[in-house]
Each structure stands twice: as structure tokens, then as C-alpha cells.
Amino acid sequence: MTISISCCICGANRNLDVHHIVSRGMGGSSRPEIEDASNKIVICRSCHIEVTEHRWHLTRDDRQLTVVKVDTGEIIFRRLFDPQFDASTFFQRLSLVDLEIDALVQGIPYLSDEQLVELFAELRGLDKGSWRAQAAVLWEAKQRFVYGDRAWEAMGRSFGIGWRQAYNLARVWQTFFKGENGEFCNQLQNCSLQEVTWYIVASETNGPHFWLAYAEDRKAVDPSYSIRDFKNEIEIAGAKREEPACGSGNSSKACRWLSAFCSKLERMVKPGECPGCDLLPSIEERLR
């Protein structure tokens, strides 16, 4: 049996080096723990240069491998480990996925790259309710790509979908379902909107949770309320995310979508749309 060895960060299988997580220092080291297998990792030459020239900081313990950009502190790669995790048992649970979709997601971070692709293909063959698990797979895969936005095209090729679809699903997972440590955290368990498109559209705004709840309320009152209606009202309100979402480093600034909802007409309006609107001064001031 041939054992394939590849870079533990980017997956490349050429120009591989052995990197010491705790450096040997100049002239090497006689300490046995430095040369122990637990202190070594196989990475490619390109990734090795990023680490040794201190642009990336690599850490590894029994639970995870993490790579952080030194200048920004941004996590650009993360892989989890669990010696007790059984991938074969995990895949057997696919037969019960309709009943256990939320529990299934918990095991996704411990799958290999190849197993992520296999799982995604299996999930695409199930009913529409599996989209959350598909989104979790894509988000996890993104945590293992270190080269920024170029990852989306590579992921699209790996999973057999367009890069925009991969991006949208991963963003939905991160926005609505990811817990603090990346685990499944269903904050919208009782949401009546089941189609993924509602979540994608809401995730593109500067108030995604507000807008999803807004769509749910509108749909409950008017069953004919459509995705197109939803998009139109977001556009009218100026809530399309073009800047960081409200609350992320700029929580004191009022959200544009909040001040463009007319409580009299019960719909979104453009500032000044209604002559003599008593909300106009407030709207104009908050949109400056």
C-alpha cells in the first residue's frame, strides 16, 4: 500500500520539508523532545518559508493545528483532531441524516480533506434539508485553505460547484449557525424559513439576523411574500453589505436599515419618499 504524504497546511505533495514546531535553534539541539515526532510536521517549501520568515505563526497540540498571520492575528488555517473520532461510524450515520443532521455536523471538523469531499457529494444526493450540513462542510474546508480568496475557486473545483455557491453557503454557516469555536450552534432552530436562499440574501446585508427575522415575519403575514420582494426591500433600505456589518467595531453608528422602515406604511421607504414624513429629519441625520 502506498502512503501519500502531503503538506499538512496546504495539501501540496511536492517540495516537502520537515518543520520543527519548537525550533532547534542555531546549531541544532541535543534535547530529545526537539527531535521527537510530536515536535515535527511535514509542510511544503512555500509554507515553510512563510513560517520560518515569521509571516505565519504555527501552533499544534493534541486537539488542533493552527496557522495565524503574524501581522494581523488572523487565523488563516485550522484543522481539528480527535483520536476518539471514528470516521467510518460517522458515515454510517448518513442513513439517518434526516433525523440527525444537526448531530452529524458536529463530526465534520474531524474529517480529512478527502472525506469532506465525499461527505459533500453524499449530502447533495439527499433532500433540500441537507443544505446546512453542506454549508458546514464548505466552511470547514475554507478553514484549511491558507491563500485567501483564491481558495473559493479551488474549493469549487474540489466540490463540483461554482465558487460563488461555495462562498455563499460558507458565509451562511458562519453568519447563522457557527458557534464560538466553530461547532454547530443552531440559533434559528424555530425559524420557519427552510429554503437556503432566504439565508443567503439575509447574510449579504449589514443586519443579517434582523433581516432574516423580518422575512420570517413578513412571510407569516403574507404567504405570497417572495425572495424577490425581500431583495427589493433590502435594496430600498440600503442594507446591502458594502462595509463591515453594524456592531463589528462600529457599534455606536446606527444601522441604515433600521431608520428606513416606515411604521405608517409598514414597508421600506427611501428617505424623503413621503412628503412631510415626520421621520425624515431623523433618517437624513442617521444616514449621513
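**The interior and its surroundings**

Take contacts between residues at least 6 apart in sequence: 52% of them join residues at least 24 apart. Contact here means heavy atoms within 4.5 Å. The model is predicted, so local features need pLDDT of at least 70 and side-chain atom pairs pLDDT 80 or more, while totals for chains, interfaces and linings use all residues. Numbering starts from 1 along each chain as its sequence is written, and side-chain values use heavy atoms, leaving out hydrogens and water.

The protein has twelve helices and seven strands. These are DSSP runs numbered from the N terminus: helices are H or I with at least four residues, strands E with at least two. Of the 288 residues, 39% count as buried. Buried means under 20% relative accessible area, exposed over 50%, and partly exposed in between, using a 1.4 Å probe and protein chains only.

Now the core. A nonpolar core is a set of buried Ala, Val, Leu, Ile, Met, Phe, Trp, Tyr and Cys residues joined through side-chain atoms within 4.5 Å. The largest one holds 46 residues, of which Leu138, Phe159, Trp198 and Phe230 touch the most other members. Helix α5 (residues 131–142) gives the largest share of this core, eight residues. A second, separate core has 14 residues, including Cys7, Leu58, Ile76 and Val146.

Two residues show the packing. Leaving out residues up to four places away in sequence, Phe230 touches Trp198, Val201, Ala202, Trp211, Tyr214, Ala215 and Tyr225. Phe120 sits in helix α4. Phe120 is buried, because its relative accessible area is 1%. Beyond its neighbours within four places, Phe120 contacts Gln134, Val137, Leu138, Phe159 and Ile161. Phe120 and Leu138 are 18 residues apart in sequence, yet their C-alpha atoms are 8.3 Å apart.

Next, α6. Its buried residues are Ala151, Trp152, Ala154, Met155, Gly156 and Phe159. Their cover includes α4, α5 and α7. Just after α6, Gly160 takes a positive phi of about 75°.

Of its 23 lining residues, Arg79, Ser112, Asp113, Glu114 and Arg144 are the closest to its centre. β5 (75–80), α4 (113–124) and α6 (150–159) each give two or more residues to the lining. α4 has the largest share, four residues. By class, the lining is 14 nonpolar, five polar and four charged. Ala, Val, Leu, Ile, Met, Phe, Trp, Tyr, Cys and Pro count as nonpolar, Asp, Glu, Lys and Arg as charged, and the others, Gly among them, as polar. A pocket is an open set of points on a 1 Å grid over the protein atoms alone, where a 1.4 Å probe fits, with protein on both sides within 12 Å along at least five of seven lines; lining residues have an atom within 4 Å of a point.

Last, an exposed contrast. His54 lies in the loop between α1 (45–52) and β3 (56–60). His54 is not a glycine, but has a positive phi of about 65°. Its relative accessible area is 61%, so His54 is exposed.
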